[in-house]
Amino acid sequence: MYEIQNFLDNNNIKVTEEKGNIKILQYEKDLSVNLNDCMNQYYASQMEVKKRQALIELKGDEYITSAGAMQWMLGDVQSVTDVKGVGDFIGKAIKGSVTKESTVKPKYKGTGMLMLEPTYKHLLIEDISTWGSGIVLDDGMFLACEANVKYNVIMRSNLSSAVFGKQGLFSLRLSGNGLAILESPVPREELIEVELKDDVIKIDGNFAVAWSDTLNFTVEKSGKSLIGSAISEEGFVNVYRGTGKILLAPVLSSSKYTMGTFNELSARPTGR
């Protein structure tokens with residue numbers, strides 16, 4: 001048995017989203033600051049730049065997280081790896097070497113609480129079943145998911161989408177039924193959801209943070225010719241064709257914030 005004081009009953013902690021066994025916690029004020037940082041932290045909090053954490057209440061089920069994402073666990077909770085043998089480890093190592101995702105993702109199971117590390121990014125809870133056959137994530141978006149959610153690395157359909165689209169040659173794909181926690185550069189309120197039905201969307205930049213795996217992603221000239229693209233000053237655009245959904249951010253997903261504290265809390269181990 002355990003009892004927690006000054007946690008969910010803390011007036012400074014707000015539950016911003018809750019689905020299934022997952023709660024997204026937000027600290028309304030960052031009280032753990034020194035004199036040199038307090039002014040920056042005050043104005044940051046006024047612009048909703050706040051610390052956030054994901055709390056998972058395990059009830060005999062299992063969750064997979066990114067390497068190094070666990071902050072603390074309470075109760076009868078065990079940590080294991082998702083490696084099934086030497087061959088499986090080698091396969092995961094190869095996949096991890098071509099993506100920014102960790103080679104081995106820890107799995108937590110049992111009964112109790114699992115708290116993930118704080119971040120200044122925005123945490124989203126996504127129901128993977130609503131994405132049809134699967135969802136493709138931009139680099140660094142994955143934080144955790146239910147163990148019954150399948151994840152695998154997929155390769156771009158052509159080299160141009162990786163070279164000119166700045167999305168990388170490989171991406172992480174989630175499929176099946178279950179919930180996943182994603183780290184977004186912007187809040188859900190700013191994400192634009194576009195649903196295509198045998199149509200096309202062209203995006204000038206790396207603004208897509210997630211999209212259905214049924215969409216065909218390519219990179220094409222913005223004009224009919226190289227000269228036309230040069231005159232328009234747009235160059236190449238990311239093109240998504242077919243039927244499915246896209247989540248668009250208003251800022252580039254690779255944008256870096258310069259606040260020192262933000263960088264420290266947002267950083268993940270190099271294995272991710």
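A total of 11 salt bridges is counted, a salt bridge being a side-chain nitrogen of Lys or Arg within 4 Å of a carboxyl oxygen of Asp or Glu. Side chains of opposite charge can pair when their charged atoms come close. The structure is a predicted model, in which local features need pLDDT of at least 70 and side-chain atom pairs count only at pLDDT 80 or more, whereas totals for chains, interfaces and linings use all residues. Residues are numbered from 1 along each chain as its sequence is written, and side-chain values use heavy atoms, with hydrogens and water left out.

One of the salt bridges joins Lys51 and Asp30, with 3.4 Å between the closest N and O atoms. Lys51 is placed in the loop between helix H1 and strand E3 (52–65) and Asp30 in the loop between strand E2 (22–27) and H1, so the pair ties together parts 21 residues apart in sequence. Helices (H or I, at least four residues) and strands (E, at least two) are DSSP runs, numbered from the N terminus. Lys51 and Asp30 are both buried; buried denotes under 20% relative accessible area, exposed over 50%, and partly exposed the range in between (1.4 Å probe, protein chains only).

A further salt bridge is formed by the side chains of Glu126 and Arg188, at 2.9 Å from N to O. This pair links distant parts of the chain, since Glu126 belongs to strand E6 (residues 122–127) and Arg188 to the loop between strand E11 (179–184) and strand E12 (192–203), 62 residues apart. Glu126 counts as buried because its relative accessibility is 7%, while Arg188, at 33%, counts as partly exposed. Glu126 and Arg188 also belong to a network of salt bridges together with Glu17 and Lys19.

In the salt bridge between Glu220 and Arg241, the closest N and O atoms are 2.5 Å apart. Glu220 lies in strand E14 (residues 216–221) and Arg241 in strand E15 (residues 236–248), so parts 21 residues apart in sequence are tied together. Glu220 is partly exposed at 24% relative accessibility, and Arg241 is partly exposed at 34%.

Helix H1 (residues 38–46) has Gln41, Ala44 and Ser45 as its buried residues. Viewed down the axis of H1, these residues fall within an arc of 95°, so they line one face of the helix; the arc is that of the directions from the helix axis to the C-beta atoms. Exposed Met39 and Tyr43 are carried on the face of H1 turned away from the buried side. Just after H1, Glu48 adopts a positive phi of about 65°.
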